[in-house]
Amino acid sequence: MPPPATFSSSTAAFLGGMKSALASVFFLVLAGTYIGMGALAHDFGFSPWWLALSTVLVWAAPAQVILISALGADSALIEAAIAVTLSAIRLFPMVVALLPLLRGEGTRLRDLLLPTHFTSVSMWVESIRLLPGVPRERRIAFCNGLAVGYMSTAASFGFVGYYLAAELPPLFAGALLFLTPLSFLLSTARNAKAMMDKLALVLGLLLGTILTATNVQLDLLWTGIGGGTLAYIVHRLREAAA
Amino acid sequence: MSAIWTDLAPYLALVLVGYLPNEVWRVFGLVLARGLNEDSEIVVWSRAVATAILAGVIAKLIVFSSGALAGIPLGVRVSAAACGFLGYLTMKRSAFAGVLVGEAALLLGGWLVVR
């Protein structure tokens, strides 16, 4: 559902972004994912406020899962930090692809600080889809509203999960954990309109499975660079042929 | 948690081991993206790389699951993801409908196996 083409003010755009967040499939996804995360934090002995702070500061579900399980299991801190940073590499190309959509004439660096911090899978996928329908001067406010909507959803359901912890039977706990990959898969597929994006999705699924199964180090990094570059080359060759 | 952790230690660890190693990639992106527009070749390539990394994360979560999801067999998980994708394709490309179909398939498959 594209947002209205115009917003009368930045506040209207911010609220429009929040509304889009609450109406999107990611609302349910984040609710499910963070209920699971709350249960995990409870099991490993963290406070629900620690979890809420980690949602605001880290704002990346895979990194948070790694952090909770590593710290809770008393793993070496440096090992946990390396695992977190590897899981976060994907944020780098997302920021690079997102910011040019937000920047307009007279955009200051500090206006981009919040959208940079807010960049995550849910916010990125929906921003790439919705921003082209938003006037350029309202895009930053819209984007911030979208992310604040998602972040408050995630933080609230973290508390729900924390207090539900251990009450869920294993099959339903598994179904909650399944929400994350399933919804990421379908929303990325819906987002992949250009042939290059479809190809990058398929190559990433295949390479990710193969490289993990063969215990290749830095598997996600190679999946991204290998699959993404191959999809990009095919896109360039087709453009050159057309 | 071991006894040396005081009340503040988990928060310190959150910043040092969680926030900073995660945020550094966003800041790199901010620094590198200056002066680029959305049609720049590096931005188009970055979009392809981000999509492929995300797909890799999806594959890992489904194929190499952990926690409660690992208790549901691999065949059920992959079939449920395929059902969800078919549901998405056949129901006006609605991601929400696809998620419902995939989750229903996972619960049904998991229930049949565990039963």
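Modeller: Happy to; we'll go from the overall fold to the helices, the core, the chain contacts and a few backbone angles. Keep in mind that this is a predicted model.

Colleague: Let's start with the fold. How many helices and strands are there in chain A?

Modeller: Chain A has 12 helices and 0 strands. Reading along the sequence, you get α-α-α-α-α-α-α-α-α-α-α-α.

Colleague: And how compact is chain A for its 242 residues?

Modeller: The idea is to set the radius of gyration against a rule for globules. Chain A comes out at 19 Å, close to the 18 Å that the globule rule gives for 242 residues, so it is as compact as a globular protein of that length. Along the principal axes, its C-alpha atoms fill a box of roughly 55 × 45 × 35 Å. As for burial, 54% of the 242 residues count as buried.

Colleague: What do the contacts say about sequence separation in chain A?

Modeller: Take the contacts between residues at least 6 apart in sequence: 76% of them join residues at least 24 apart.

Colleague: Which domains does the assignment give for chain A?

Modeller: The domain assignment lists domain 1 (10-191) and domain 2 (193-242). Their C-alpha centres lie 24 Å apart. The contact between them takes 6 residues from domain 1 and 6 residues from domain 2. On the domain 1 side, helix 10 (residues 170-191) gives the most, with 3 residues. That side of domain 1 divides into 3 nonpolar, 2 polar and 1 charged.

Colleague: Is helix 4 of chain A enclosed by the rest of the structure or exposed, and why?

Modeller: Count neighbours: a residue is buried if 20 or more other C-beta atoms lie within 10 Å of its own. In helix 4 of chain A, 10 of the 12 residues are buried, so the helix is largely enclosed by the rest of the structure. Among those buried residues are Gln64(A), Ile66(A) and Leu67(A). The buried residues pack against helix 2, helix 3 (48-57), helix 5 (77-87) and helix 10 of chain A, together with helix 1 and helix 2 of chain B.

Colleague: How does helix 2 of chain A look on those checks?

Modeller: Helix 2 (residues 25-43) of chain A has 19 residues and reaches 28 Å from its first C-alpha to its last, close to the 27 Å expected. Of its 19 residues, 14 are buried, so this helix is also largely enclosed by the rest of the structure.

Colleague: Which residues have the most contacts inside the largest nonpolar core?

Modeller: That core has 118 residues, and those with the most contacts inside it are Leu67(A), Val95(A), Tyr150(A), Ala200(A) and Ile58(B). Helix 2 of chain B provides its largest share, 14 residues. The core also draws at least three residues from each of domain 1 and domain 2 of chain A. For Tyr150(A), leaving aside neighbours within four places in sequence, the contacts are Ala21(A), Phe26(A), Leu30(A), Ser122(A) and Met123(A).

Colleague: On to the two chains. How many residues of chain B are in contact with chain A?

Modeller: An interface can be described by counting the residues on each side. Here 65 residues of chain B are in contact with 75 residues of chain A. Helix 1 (9-33), helix 2 (41-63), helix 3 (74-90) and helix 4 (95-114) of chain B each give two or more residues to the chain B side. Helix 2 gives the most, with 21 residues. The chain B side divides into 45 nonpolar, 14 polar and 6 charged.

Colleague: Last one: what should I make of a positive phi?

Modeller: Most residues other than glycine have a negative phi. Lys92(B) has a positive phi of about 50° although it is not a glycine, and Arg93(B) likewise has a positive phi of about 50°. Lys92(B) is found in the loop between helix 3 and helix 4 of chain B, and Arg93(B) is placed in the loop between helix 3 and helix 4 too. Lys92(B) counts as exposed, with 7 C-beta neighbours inside 10 Å. Arg93(B) is exposed, with 12 other C-beta atoms within 10 Å. In chain A, Gly45(A) follows helix 2 with a positive phi near 80°, and Asp74(A) follows helix 4 with a positive phi near 60°.

Notes. Residues numbered from 1 in each chain as written. Chains lettered and ligands numbered in written order. Predicted model: local features only at pLDDT ≥ 70, side-chain atom pairs only at ≥ 80, totals over all residues. Contact = placed C-beta atoms within 7 Å. Helix = DSSP H or I, 4+ residues; strand = E, 2+ residues; numbered from the N terminus. Nonpolar A, V, L, I, M, F, W, Y, C, P; charged D, E, K, R; others polar. Rg over C-alpha atoms; globule rule 2.2 N^0.38 Å. Domains from an automatic or database assignment. Expected span 1.5 Å × (residues − 1). Core = buried A, V, L, I, M, F, W, Y, C linked by C-beta atoms within 7 Å.
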